[in-house]
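Take a look at the model below.

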Amino acid sequence: MYSTLASTVFFLFMLRSPSLWTVGVAILSHVAFTLFNNRYNNGLLQFPGPTFASMTNIWRVRDAYINGDKRPSYVALHNQYGDVVRLGPKSLSFASPAAIADIYPAEKNMAKSNWYVAFEAHGKGPKKENIFSTRDIHWHSRYRSLVGPGFKMTNLAPKEQEIDQLIGKLLRNLDAAATKKSTVVDLPLNLQYFTFDAGGVVAFSQPYGFLDKQKDLDGIIQNVRVGSTHLNRLIAFSIQLAQAPLGQLLFDKNPLAVYFGLIAPPMAFAKKYLPVHRIEEQLAEPGKMDQHHDLLDQFLKAHQQNPDVVSKDEVVDLGLMVVVPASEAVRTAIAVLIYQVIKAPISILTTLRGELDSVIPRPTSPTSADRSNIPSWELVSTKLPYLDACIKETFRLHSSTGFNMERVVPAGGAIIDGNVVPGGTIVSCSTWVIHRHKPTYGDDVEVYRPERWLEASPAQRAEMERLLCPFGFEERLCLGREIGLFEVYKVAATLFRDYEFTLERPDEDMKITWGNIVSVDFDVRLKHRQA
Ligand code: HEM
């Protein structure tokens, strides 16, 4: 604080008789004081990390830019600096599992950081928090208890048939490529057609039509794919700047964008496809509409019961949340699972196929129209322990989300993994780091080895599962966890049952673009499996 004050006084003093020289010196000294202040005056000097990171959040933007095609650099940073790394002037990342219990439980009172502001709606009018972004612990808790039941598989069970029809469409699209054999398939993209449509069904009982049209609708996939255009690359990096006042001004709270009502692509997409009639009818005559067993039912019910907590605008947020980040996260999970299994030693695929063939009846003729034979959730979630191990290993090694889950230490400070941390510090864990905890997962943490889940003793396995956190933690645990798993298990079981996959470029690794949701790119050739 004192150095900021000193810097400001000095700055004003120099500007008393402005010349180019004095203005230059004033600006430079102000910058130097700010960097110095950031590094030395936040009570975090004892924590190691890149020196530049301790001085400015620009380090994070640069890191996101230069490491955009690698896995989160936090893994390498923790390997270099140890269990606690200083990632910014007021930011610490923790690698030890003990830190999870000190940061994320409700009683620790740690709200999400301002990084999450970037996930708030863009467009005319004031920005609004949503269930994912909110820093208001109390509103979040009331809101979550109202809408949460809608996300449970018990509520969504009647949707299984509709999701099966979508999987059938995905198979028919892939059948066309498998029959030609020469066709190279962008598998992650085809999976995303499915996950988008499934998101539409779960949210509003309406697929968007990606699978039918077999193309990107309104350019939304291209728009949100990190790194696909200069603009969204810039936006993705700017999100890192949300911690910095300048970043918020340029990107997140840009007054020009708000003035001109520039709507972010996901928001525009969600608004376009919302079933407005249904919403209006149900709001006009509550209780008269049929039950759809979708998320919209639950949000409208919650709005009717508690309009002060769940406002009408929340249905748009519902669209935003479910349409884009969720469909991307599920796409990445299924794509990476398939990639890991076909890239791993053949014994993994053979064991998986053996298990699938012993439990799930194969279609008599996969090239026929018999595409309604999709294994049930009940079956895939209870009778396939090896598939379960493959999926857990995928989530462990390659989380769909790439961001650190940041929380703010309340005034008064906290003890985190034995370290005294001042109030106001941003503290976080990364799934990419936690999932590489050698005492829990073994020395070969970088190897894709599903067997580790089956060989572990019951106590060891319980600990491995406790630390497996691809869906986040505690009060802010992903609400769509069951939906995501439902899609991953069903699609993976069906695709491995029916197809042989060959990587188009077996000597290359898949292309990874590290964003908030990690994007992956790879092409395959497909063949139907022989009976
Ligand atoms: C494989 C798929 C998915 C993964 C890996 C995933 C991951 C996550 C993670 C890590 C968080 C917590 C973020 C934090 O604390 O900062 C989260 C929150 C959330 N996710 Fe997911 N997600 C997935 C699928 C879904 C689906 C399908 C939906 C909706 C249908 C969904 C809806 C939500 C919501 C509403 C939250 C906010 C919860 C809260 O703060 O109370 N997610 N997700």
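Where is the place of L45? L45 sits in the loop between α2 (20-40) and α3 (51-55). Helices (H or I, at least four residues) and strands (E, at least two) are DSSP runs, numbered from the N terminus. This is a predicted model: local features need pLDDT of at least 70, side-chain atom pairs count only at pLDDT 80 or more, and totals for chains, interfaces and linings use all residues. Residues are numbered from 1 along each chain as its sequence is written, and side-chain values use heavy atoms, with hydrogens and water left out.

L45 has a relative accessible area of 40%, so it counts as partly exposed, the class between buried (under 20%) and exposed (over 50%), with a 1.4 Å probe and protein chains only.

Now turn to the ligand. Its shell holds 28 residues, and the closest are Y116, H140, R144, R476 and C478. To belong, a residue needs a heavy atom within 4 Å of the molecule.

Next come the polar contacts (pairs of N or O atoms within 3.5 Å). A polar side-chain atom of R144 lies 2.7 Å from a ligand oxygen. For R476, a side-chain N or O atom is 2.9 Å from an oxygen atom of the ligand. For K112, the corresponding distance to a ligand oxygen is 3.4 Å.

Which elements give two or more residues to the shell around the ligand? They are α7 (137-147), α19 (314-343) and β5 (405-408). The largest share, 5 residues, comes from α19.

Technical notes
Polar contact = N/O pair within 3.5 Å; in protein donor to acceptor, adjacent residues only side chain to side chain.
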